[in-house]
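Here is a short note to read beside the model. Please keep the structure open as you go through the points.

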Amino acid sequence: MRAMLLTRAGAPLEAVDMAMPQPGRGELLLRVRACAVCRTDLHIVDGELPGLRPPRIPGHEIVCEAVAAGPGVEMPKAARLGVPWLGWTCGECEHCRAGRENLCDSARFTGWQVDGGFAEYVVANHRYCLPIPDCFSDAEAAPLLCAGLIGYRALAATGVAGRLGLFGFGAAAHIVTQLARHEGREVHAFVRPGDRAAASFARGLGCVWAGPSDQPGPVPLDAAILFAPVGALVPTALASVRKGGRVVCAGIHMSDIPAFPYALLWGERSLCSVANLTRRDGQEFMALAGRVPLRTSVEVLPLESANEALARLRGGAVQGALVLVP
Ligand SMILES: [Zn+2]
Ligand SMILES: [Zn+2]
């Protein structure tokens with residue numbers, strides 16, 4: 001099969017022809033129909049996440065169809081399945097037993113510890129595959145599987161905050177804005193200074209205000225979510241929320257957070273992160289995505305353009321999500 005392979009951190013992905021993966025016990029062999037490109041793929045390719053053991057096929061927002069089942073699994077009836085970031089959990093550690101498998105000590109993540117979807121085929125444990133609502137095309141559904149899911153978990157972490165700020169307006173923010181609007185929340189978008197296209201994209205999705213992240217917004221916020229991997233935005237976001245407000249960091253990696261005066265945290269403001277997803281998040285969010293219904297903005301590229309897609313994501317020149325199709 002064709003695949004875009006990471007042979008060592010920091011190097012471009014290589015277009016290779018490799019043997020088809022074989023499904024083991026509990027696994028499905030799936031034909032990839034579309035795979036979105038996430039900022040986490042960029043962190044993996046750049047070697048910013050520990051424990052990467054190349055060679056590895058990145059990609060963890062995979063829309064696919066089952067073509068074979070390994071021992072102990074029946075062929076699924078659903079025409080399409082989604083393979084998300086959470087690829088396997090132990091079920092036994094304290095986090096798994098407490099219903100927080102997103103924090104599992106031995107979790108395996110798609111495209112990081114196991115091969116992902118920048119390929120024609122992928123193998124995945126059937127218990128972690130998610131349903132894909134019929135109303136989405138393959139490419140439209142792909143960004144729901146991480147950008148959407150992490151956004152959903154981050155939004156939940158803001159509680160009932162009615163006035164929400166989003167720092168970094170990429171794939172996740174464009175989905176969260178729609179979810180928040182659906183729930184009747186007011187959304188403010190803080191974009192990269194000078195990125196007028198992102199600001200107008202945000203306003204087009206229903207944000208009441210969109211402006212540069214280096215300037216204060218028009219009103220104090222109840223909560224803010226940081227999607228941009230920029231630690232310097234943490235004190236900025238804390239300064240943007242009112243007393244009792246919460247700042248949620250949604251990325252897996254961020255540059256160092258600079259020192260800031262305690263006064264920014266004082267007043268019962270809180271700062272937290274969200275990590276990964278649980279299968280329950282996945283089931284709930286995919287059902288909700290079809291019900292709202294969310295509309296994802298996607299640009300489709302051939303699988304072999306994976307390096308170009310990563311470069312564009314790095315440069316920030318993307319509205320919505322980039323999706324690779326084999
Ligand atoms: Zn566990
Ligand atoms: Zn992701």
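**Notes on the predicted model**

1. Now the overall layout. Domain 1 takes in 2-145 + 277-325, while domain 2 covers 148-273. Their centres, taken over C-alpha atoms, are 25 Å apart.

2. Next, the contact between the domains. On the domain 1 side 24 residues take part, and they meet 20 residues of domain 2. Helices α1 (39-45) and α8 (279-291) each supply at least two residues of the domain 1 side. Which element gives the most to that side? It is α8, with 4 residues. By class, the domain 1 side holds 12 nonpolar, 8 polar and 4 charged residues.

3. Last, Gly111. This glycine sits in the loop between β7 (108-109) and β8 (121-125). Is Gly111 buried or exposed? Gly111 is buried, because 28 other C-beta atoms lie within 10 Å, and 20 or more is the cut-off for that label.

4. Check the neighbours of Gly111 too. Leaving out residues up to four places away in sequence, Gly111 touches Asp41, Ile44, Ile57, Pro58, Gly59, His60, Gly116 and Gly117. Pro143 is 32 residues from Gly111 along the chain, and their C-alpha atoms are separated by 15 Å.

Definitions and conventions: Residues numbered from 1 in each chain as written. Chains lettered and ligands numbered in written order. Predicted model: local features only at pLDDT ≥ 70, side-chain atom pairs only at ≥ 80, totals over all residues. Domains from an automatic or database assignment. Contact = placed C-beta atoms within 7 Å. Nonpolar A, V, L, I, M, F, W, Y, C, P; charged D, E, K, R; others polar. Buried ≥ 20, exposed ≤ 12 C-beta atoms within 10 Å, placed from the backbone.
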